[in-house]
Amino acid sequence: MRCLKSYFQPFVEDVYGTILESYTKYPLGSYVYMLEILVTVYYANPQFTVYISTLYNKILEISFIHLSSIEKI
């Protein structure tokens with residue numbers, strides 16, 4: 001994603017869905033890393049700002065839910 005910036009642009013929306021769906025099922029750091037790449041590479045593009053902001057908020061929400069469930073163990 002980082003190296004292919006303009007070539008990868010058509011797939012950003014698809015990656016959004018994949019990250020959200022996968023992170024919901026399996027909250028692994030690799031999906032957070034993918035989000036970090038989306039933010040650093042594509043957030044400045046107004047076309048993707050809403051997608052990335054929404055994904056960021058949903059990832060945080062899922063993370064807090066997951067962390068609170070760990071505390072109960």
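What you have open is a predicted model, so local features need pLDDT of at least 70 and side-chain atom pairs count only at pLDDT 80 or more, while totals for chains, interfaces and linings use all residues. Residues are numbered from 1 along each chain as its sequence is written, and side-chain values use heavy atoms, with hydrogens and water left out.

**The overall view**

Switch to cartoon. Helices (H or I, at least four residues) and strands (E, at least two) are DSSP runs, numbered from the N terminus. Along the principal axes, the C-alpha atoms fill a box of roughly 45 × 20 × 15 Å.

The protein chain exposes about 5,100 Å², and carbon and sulfur atoms supply 64% of that; accessible areas come from the Shrake-Rupley method with a 1.4 Å probe, and for residues only the protein chains shown count as cover. Of the 73 residues, 27% count as buried. Buried means under 20% relative accessible area, exposed means over 50%, and partly exposed is in between (1.4 Å probe, protein chains only).

Select residues 12-25, which form helix α2. This helix has 14 residues and reaches 20 Å from its first C-alpha to its last, close to the 20 Å expected at 1.5 Å a residue; the expected span is 1.5 Å times one less than the number of residues. Show side chains for Val-12, Val-15, Tyr-16, Ile-19, Leu-20, Ser-22 and Tyr-23, the buried residues of α2.

Which residues have the most contacts inside the largest nonpolar core? Pick out Val-12, Ile-19, Leu-38, Tyr-42, Ile-52, Leu-55 and Ile-59, in a core of 18 residues. Helices α2, α3 (29-42) and α4 each supply at least two residues of this core. A nonpolar core here is a set of buried Ala, Val, Leu, Ile, Met, Phe, Trp, Tyr and Cys residues joined through side-chain atoms within 4.5 Å. In soluble globular proteins, nonpolar side chains tend to be buried together.

Centre on Ile-52 next. Leaving aside neighbours within four places in sequence, Ile-52 is in contact with Leu-35, Leu-38, Val-39, Tyr-42 and Tyr-43.

**Aromatic pairs**

Colour the rings. Rings of Phe, Tyr and Trp (its six-membered ring) pair if their centres lie within 6.5 Å; planes under 30 degrees apart count as stacked, over 60 as edge-to-face and the rest as tilted. By this rule the count comes to 4 aromatic pairs. In one of them, Phe-8 and Phe-11, the ring centres are 5.9 Å apart and the planes sit at 50°, so the pair is tilted. Phe-8 counts as buried at 17% relative accessibility, whereas Phe-11 is partly exposed at 43%.

Hop over to Tyr-23 and Tyr-31: their ring centres are 6.5 Å apart and their planes at 80°, so this pair is edge-to-face. Both tyrosines are buried.

**Around Tyr-31 and Tyr-23**

Stay on Tyr-31, which is in helix α3 and has 17% relative accessibility. Not counting residues up to four places away in sequence, Tyr-31 touches Ile-19, Ser-22, Tyr-23 and Tyr-26.

From Tyr-23, follow the polar contact of 2.6 Å that joins its side chain to that of Ser-63. A polar contact is a pair of N or O atoms within 3.5 Å; within protein, one must be able to donate a hydrogen and the other to accept it, and residues adjacent in sequence count only if both atoms are side-chain atoms. Ser-63 lies in helix α4 (residues 46-71) and is buried, with a relative accessible area of 15%.

**Last stop: Glu-36**

Finish in helix α3 at Glu-36, which is partly exposed at 33%. What joins the side chains of Glu-36 and Arg-2? Draw a distance and you will find a polar contact of 2.9 Å. These two residues are 34 apart in sequence and 10 Å apart in space, C-alpha to C-alpha.

Methods. Contact = heavy atoms within 4.5 Å.
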